[in-house]
Amino acid sequence: MTDATANAAPAPKQGKHAGSLFDADARTKKRNAAETRFRAYGLTAVGIGVAALIMLMTSILGQGLPAFNQTFITLDVYLDEAKLDKNGTRDIEAIKKVSTFGYAPLIKNAMAAKVDELGISFETFGVSGKDAEAMISKEAAAQLRRFVIAHPDRIGDTVEFEFLASGRIDGYYKGRVSMESAEKDSNVTPGQLQLADALKEGGALSTHFNWGFITMADASENRPEAAGIGVAMLGSLYMMIIVLCLALPIGVAASIYLEEFAPKNWITDLIEVNISNLAAVPSIVFGILGLAIFINYAGLPQSAPVVGGLVLTLMTLPTIIISTRASLKSVPPSIRDAALGVGASKMQSVFHHVLPLAAPGILTGTIIGLAQALGETAPLMLIGMVAFVREFPSAPPEGFFDPASALPVQVYNWTTRADPAFVERASGAIIVLLIFLLCMNFLAIVLRRRFERRW
Amino acid sequence: MPVLWIVLAVLGLGLIGFYVGRMRALGSAGGDTRQLHSLPNYYGWHAFMLTAVPALLVLAAWLLVAPNWIENTVGAGIPEATIAESGSRSLVMAEVRRAAGALDMAVQQGLMDAATSHDIDANLSDVTERLKETGAIITSDVTQPVLQAAQLYRNLSAISALWMSVAVLVLATAGFAVAVLRSDKDFRARNTVESGIKIILILASTIAILTTVGIVMSMLFETGNFFEKYPWQHFFFGTKWAPDFRGDSELGMLPLLWGTLYISFVALAVAVPIGLFAAIYLSEYAGPKLRAVAKPMIEILAGIPTIVYGLFALITVGPIVRDWFAAPLGLGNSTNSVMTAGLVMGIMLIPFVSSLSDDIINAVPQAMRDGSFGLGATHSETIKQVVLPAALPGIVGAVLLAASRAIGETMIVVMGAGAAAAQFQAGLGAVVNPFEAMTTVTVKIVSQLTGDTDFASPETLVAFALGLTLFVITLGLNVLALYIVRKYREQYE
Amino acid sequence: MNDMRPVERSVDTKEIKFECSDVQVYYGATHAIKDVNVTLEDKTVTAFIGPSGCGKSTFLRCLNRMNDTIDICRVTGNLLLDGEDIYDKRVDPVQLRAKVGMVFQKPNPFPKSIYDNIAYGPRIHGLAKNKAELDEIVEKSLRRGAIWDEVKDRLDAPGTGLSGGQQQRLCIARAIATEPEVLLMDEPCSALDPIATAQVEELIDELRENYSVVIVTHSMQQAARVSQKTAFFHLGNLVEFGETGKIFTNPRDPRTESYITGRIG
Amino acid sequence: MNDMRPVERSVDTKEIKFECSDVQVYYGATHAIKDVNVTLEDKTVTAFIGPSGCGKSTFLRCLNRMNDTIDICRVTGNLLLDGEDIYDKRVDPVQLRAKVGMVFQKPNPFPKSIYDNIAYGPRIHGLAKNKAELDEIVEKSLRRGAIWDEVKDRLDAPGTGLSGGQQQRLCIARAIATEPEVLLMDEPCSALDPIATAQVEELIDELRENYSVVIVTHSMQQAARVSQKTAFFHLGNLVEFGETGKIFTNPRDPRTESYITGRIG
Amino acid sequence: AAARDNVQVAGSSTVLPYASIVAEAFGENFDFPTPVVESGGSSAGLKRFCEGVGENTIDIANASRKIKDSEIQACAEAGVKDIIEVRIGYDGIVFASQTNGPAFTALEPADIFNALSDKVLVDGAIVENPYQQWADFNADLPAVDIIAFPPGTKHGTREVFEEKVVLAGCEATGAFEAIMAKNGGDKKAAEKACISLRTDGKAVDIDGDYTETLARIDANPNGVGIFGLAFYENNTDKLKVATMGDVMPSTESIATGEYPVSRPLFFYIKKAHIGVIPGLKEYAQFFVADEIAGPDGPLAAYGLVSDPELAATQTAVEAEEVMGGM
Ligand SMILES: Nc1ncnc2c1ncn2[C@@H]1O[C@H](COP(=O)(O)OP(=O)(O)OP(=O)(O)O)[C@@H](O)[C@H]1O
Ligand SMILES: Nc1ncnc2c1ncn2[C@@H]1O[C@H](COP(=O)(O)OP(=O)(O)OP(=O)(O)O)[C@@H](O)[C@H]1O
Ligand SMILES: [Mg+2]
Ligand SMILES: [Mg+2]
Ligand SMILES: O=P([O-])([O-])[O-]
């Protein structure tokens, strides 16, 4: 028995854990295998989550990114006095009398002029003047009318406009429409596509980034190219402001009371069960509630973000309360004792020590609750926010009471529309929604990392 | 905006109160905070609270009550004939309000002096025209009763606004005075402030209760209507769901309930293991970097609108499930299946389980792990036997949340599992086959509520009965969960 | 080595600080403290001794109502601090605990910096007018807690990253930073080396000038060294209470005697 | 400083269990253990003494790689157990810890029943074939941990509801239930009364028959009573290591001497 | 509370596209704000319509069916007495499959009945539907597996489908008679038996929208979906329409009544709100104006079958004629 070295013969030992450390015994091997498996499960689980996200994101991005680009046609429009201001008085009321239908011929003429200018003709492509006009969005007439009403003095001039191309033409440059599909399509002909190519050649047609998608309001079914998410974004923003300002403080306050202050008895048990149960209430039921309480009883306006925000607040509260309570529960009691021991009041011990330690869980609950609220459509259906809204709500606080739509509503609406051009816009809106979500979460995530610690 | 000014004035006074209260308390203690019962800031907050809270409460109450009172008073004065003409008092009132607004605007724009605005007579002058000039929207001719009502409305509003300002400011000042007088070194400011905060906390928790009451109330009435039109035995024990436009539908809820439980079960069978393992991996094994990235990423899954998942189920997962599993196994050839919806919903629910559990697991003190490691336990043994039991209440909470979400989901079910209820009459095989199309209570609540059937018919009203029944059932499940948590809870330290 | 410093202090009766009668404590169905009657004097160090699990900590925690935080714990009887029943409804436990500070048996530093650990109490009690004063309090407390030298360079490091004994001293420093009138110390020196122990004992002696101190200890020597009065608990009963000198030299109860003489501490 | 390994050991040289050389431990930038060289023998009780914060726990935790769980902790040097480097990549810390058990400075019972606390180790290591055997192990361990009588009626009660000293003994019982070859005990008696301390010391003596034990203690008397070898740490350095008798009667280093004689423990 | 100055419309999702086209144009050409048009179903829309009069109720309900008497009554009880009914045109219902799926020509109601009904007449006996392929009962039809996607029971279209196609087919095949004979002349029960669809997965109810039906057809090459005409017109490149009795569905063939499967679309106005809500009447008039709802207007271009009696509707709106012949 001298110095035991690495090559010493393994002396038979009596201990339960005899044997070299370098080669694991059978049981340890088995346990280690279990360990490895367990760890692999964990990694797989994370992998599945991330893979699912990547898959969904790729498909959303693939479908949605084109929505941020749009095809435009540049035309020089002669603002014909004979059509727009017959009396020549430039009286704004008289000019307003001319409806958008009255502007259509101007565009038709401008199109013809453009084709002439490029030295081509409709006949080459077998398109009529009406077909050529149809290549331009129906929004164009409205655009023209707005311009004329804003600048009556320009009547009689020839002005250059950049008009949206119609959805099918735009789809042609995004791969949605092809010559073959155009054959069967009742809304576009191969001739129109060829003409579009010719216009592109001539520099009158181009595809570029489209701010309008972000700043414009929804448009009706027959002009998908003009549809934007401006109103929906504002609506969602307003609602999220309300949800965040109400749900987080109320949720945390309620949790603190229930977890730290409320006597533990059957009443608090009832409340606890009741709150978890609220989380299981289908969201549309919150819509029923919102309609009954906020609109019918309290008389708040319909389609308004304030009602939407309140309904979503009620819907989000259980999520925040449940997660907050769980986090409060997981703070070790010794921390509370320590604070009470130096003469802190219960309130102080909670706000100074327990709450910061529970913050990561609270923030997680908030993130998830807000994500849910941001993506919810069903409850909005009953309070009038699943709607076609063109007018922008004004700035808060009045804006909270103006009609608005919401991002998920816009997505939902667009996915139900007949024109396939809306599919890409729906995905585009989802991208915006996710960006929204990321922005909201970013702060929470940063905060959460600051509060995370182990003791 | 006078209300804003009042609020600002009150808050300003509160702020002054904060400092005065603080100073006075300090003064009474000769500047020595040790002599004070509470920290100086508590005296400040106390003064602020007393100044601002009652005043603002009264302001809020006033703003809620006064318009109603004015409407009622003005409305009561409108001749019956006018009301009959317009259809309802509330519509006349809309006109009155609009006219009052136009008068205000007219005065503002100088088109009318204040005196005229008060005693202008609709029968004599061209009021409608003059008001339209202001740019206000006047939809029909302003008649004399409406004009008079509008003038009364303006008067009352002005008086109400005046008294409101007075009352609120007086109250704020009174609160201020009381608070400042009370700010003495022996005054228990902290206790007072904390009681105030506690009341706020209690109020916050009552909101959850009120929501429940509201939900039950808003569904109870219509549920009652439903059961008047449809026998409850058939609803609760019926095994067939077949609404019909001609009436005499079969509205048994069992197939829906079964579908709900089955699909939720599959979804949780996907989400809970994956979510829990992800949480364990992230909190126990992963480095801080991976964790910082992966956790928020997984959370995004909760924020993707369900319609995306629905389409994913419909277009991608459905055919895969059918072609790779259902058809080869001879279990059906429908793209709609419990499996499809369950799988996709499971993915959506992963973050509900993972993120929350991760936080809770992370909160388990390191000493617990050390104790286990010190005995030669592997990491996974430690997790399974020490960490998870200690984190159990939180994890159960997370799972409950996920289950709740599964029960409440519509879009994924509609697109993944279809809209047809489980076919009990087709035998047990069809009911337990996970590759069979099925639907849930929630889907039917939504579809009956948004459908085309007569809104007073049982086909529509059944949505409320379904909602209420689901509410009661989930309540039962939650009681069970609470009981389980109580039984197995392990409190550390 | 174990020289029991015989304490023959003058018999001048001091003011009474705590007067406890018929105190019973239950943990659920367990009767942990049975019928305890005891009077603790002001400006005195009282030692609680007794075998592990006899109820020393439990009784100690009654004195500043820390037992309130344990759901299943129930306390009955009269506990008068300066003649006022501390379990009276009107009593604010917060104020009580500010007056009656506590050092827990298991060190429980806040997961904050060392500085904030100490500064917390003074901050909530408004003991410092400004940062400089607070710094001073922190330094003084850490010095009195005999840990200043070890931590002065890392006041911003978390208190949880200290060694066991350091944490214990940190908790002592934290407790005295709020200047309580009564200090309850549950085995404050259990993780300390002799030198640190001596410093803490010095501190206790110094505190006695103005305040009263109750200390739970397993070391008979320590009890003998620092306390004037000693209470011996056994199975939840207060078996004997009296002058420390008397208890150690001439115990009345056989149980006390066997505990003291039984083995060396 | 590291020149004092007294080689003149008594004639009956025992097998070497641990051979540590050039051990350095860092907590982030803090150098907590400096250049420690020490050999721990089998079937021997070694005591680690030294002032609070000197690195005893840190070094102890190196011996079964418990420091692995602290993110910022970094260990270098050679630590050989039975000639095998425990920090070798091939070594499974799990197996190592099964061999080298540990009792922590702060008692950390699991939030489980007392029974499950003890049964945990035997279960994961498969030491019991059936319930009866497990019951036996639990009882035996609790008896050896000198806590059986106090808890035998409430084996189903949670371990966290015990008094401080009871928790400590529970942790000791838990550690020996897995029958490690080496037992590391970090101040195992700090919260124990003299009687319980004596029982634990008896246990240690008994364990020495077959295993080696390393004990951190602040009580010089205890070190003298139970250990054959003593190591004195100071500011992260191993100042002196040798026969316990010699260290206490005839220390070589002035620091050791001043620590031992400085004050009474 | 400030007075509301925009028109609020709610109801049918079928009418929604038309209503939004009108609302958009209305907003562009008038000084009134663009009306807010909600979707959510005819029933939900009418329910909110009937909640009462006043500013926080809607002004117009869109419906893809006629308002029911029970609903009129409920309305009246809540104070909504004078209701103006406006029929805006017709919605055609078409059968279509994938462009490269099976072609259905000259589909008759009887074929649909045979393919989808729960019970059919085989050799004079009523039996559980035994057919697996279209060709099983009509050799002219493609020999592919039957799978069809009718709208779910929540949709008004379903009712039309049941009445005008399935029930008609039931009668045409003689199954109706046979069932009547069997159950002793209970007409109602027979009708009910006729229209109940098979539950073996060959008839899949779609609770969602036509986009969902389209997606399902994409996933099921043999699938036949039931669509609105407008939806089909916008997706002619993806869908192959089935002719009904050799008539190609189009706005013209439906207007003339040649193509049988269609339903009228309506909206309902609260008369009491006219004159209170700015722009309400103007919106209604604009909606039914020739340049909008006429055969050459944008609505027809989108797929609305314009009402041959549009002129009468225009006068009725102008005169604010309420229901119940007041
Ligand atoms: N987790 C940690 N992070 C940073 N520093 C630490 C950590 N743990 C211990 N230290 C520091 O390392 C040094 C040695 O600590 P160790 O716990 O080994 O002391 P010890 O000898 O056990 O003292 P005690 O007798 O007080 O328990 C101390 O200065 C301590 O502050
Ligand atoms: N939270 C608790 N729940 C249930 N029983 C408890 C609880 N805390 C203590 N006990 C029991 O009450 C009795 C007294 O415990 P106490 O902590 O007062 O002992 P102690 O005298 O401080 O012992 P030690 O010296 O070991 O700290 C013990 O039997 C203990 O098991
Ligand atoms: Mg104790
Ligand atoms: Mg230590
Ligand atoms: O939404 P609909 O009423 O048209 O089905």
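**Ground rules**

I number residues from 1 along each chain as its sequence is written, and I letter chains from A and number ligands from 1 in the order in which they are written. Since the model is predicted, local features need pLDDT of at least 70 and side-chain atom pairs count only at pLDDT 80 or more, while totals for chains, interfaces and linings use all residues; side-chain values use heavy atoms, with hydrogens and water left out.

**Entry: chains**

I started with the chains, taking contact to mean heavy atoms within 4.5 Å. Eight pairs of chains touch, and the most contacts are between chains A and B. Chain E has no contact with chain C, and their closest C-alpha atoms lie 46 Å apart.

The site is shared between chains, because residues from both C and D surround ligand 1.

I then looked up polar contacts, which are pairs of N or O atoms within 3.5 Å (within protein, one must be able to donate a hydrogen and the other to accept it, and residues adjacent in sequence count only if both atoms are side-chain atoms). A polar backbone atom of D:Lys56 is 2.7 Å from an oxygen atom of ligand 1. From the side chains, a polar atom of D:His218 lies 3.1 Å from a ligand 1 oxygen, and an N or O atom of D:Glu187 is 3.4 Å from one.

Ligand 2 also has 20 residues around it, and C:Ser57, C:Thr58, D:Arg154, D:Ser163 and D:Gly165 come nearest. Chains C and D both supply residues around ligand 2, so this site is shared between chains. Side-chain polar atoms of C:Thr58 and D:Arg154 each lie 2.4 Å from an oxygen atom of ligand 2. For D:Ser163, the distance from a polar side-chain atom to a ligand 2 oxygen is 2.6 Å.

**Entry: ligand 5**

Which residues surround ligand 5? I noted B:Asp452, E:Ser12, E:Ser13, E:Thr14, E:Gly41, E:Ser42, E:Ser64 and E:His155. With residues from chains B and E around ligand 5, the site is shared between chains. The side chain of E:Thr14 has an N or O atom 2.3 Å from an oxygen of ligand 5. For E:Ser12 that distance is 2.4 Å, and for E:Ser42 it is 2.4 Å.

**Entry: a helix pair in chain B**

I turned to helices, which are DSSP runs (H or I, at least four residues) numbered from the N terminus. Axes are lines fitted to C-alpha atoms over the stretch in contact, and angles run from 0 to 180 degrees between N-to-C directions. In chain B, α13 (residues 338-363) and α15 (residues 379-408) pack at about 150°, with their axes 8 Å apart. That makes α13(B) roughly antiparallel to α15(B) (angles over 145 degrees count as such). Residues in the contact include B:Phe352 of α13(B) and B:Gly394 of α15(B). By class, I noted 16 nonpolar, two polar and one charged residues in this contact (Ala, Val, Leu, Ile, Met, Phe, Trp, Tyr, Cys and Pro count as nonpolar, Asp, Glu, Lys and Arg as charged, and the others, Gly among them, as polar).

How values were computed
Helices (H or I, at least four residues) and strands (E, at least two) are DSSP runs, numbered from the N terminus. Angles under 35 degrees count as roughly parallel, over 145 as roughly antiparallel, 65 to 115 as roughly perpendicular and the rest as oblique. A residue is near a molecule or strand if one of its heavy atoms lies within 4 Å of it.
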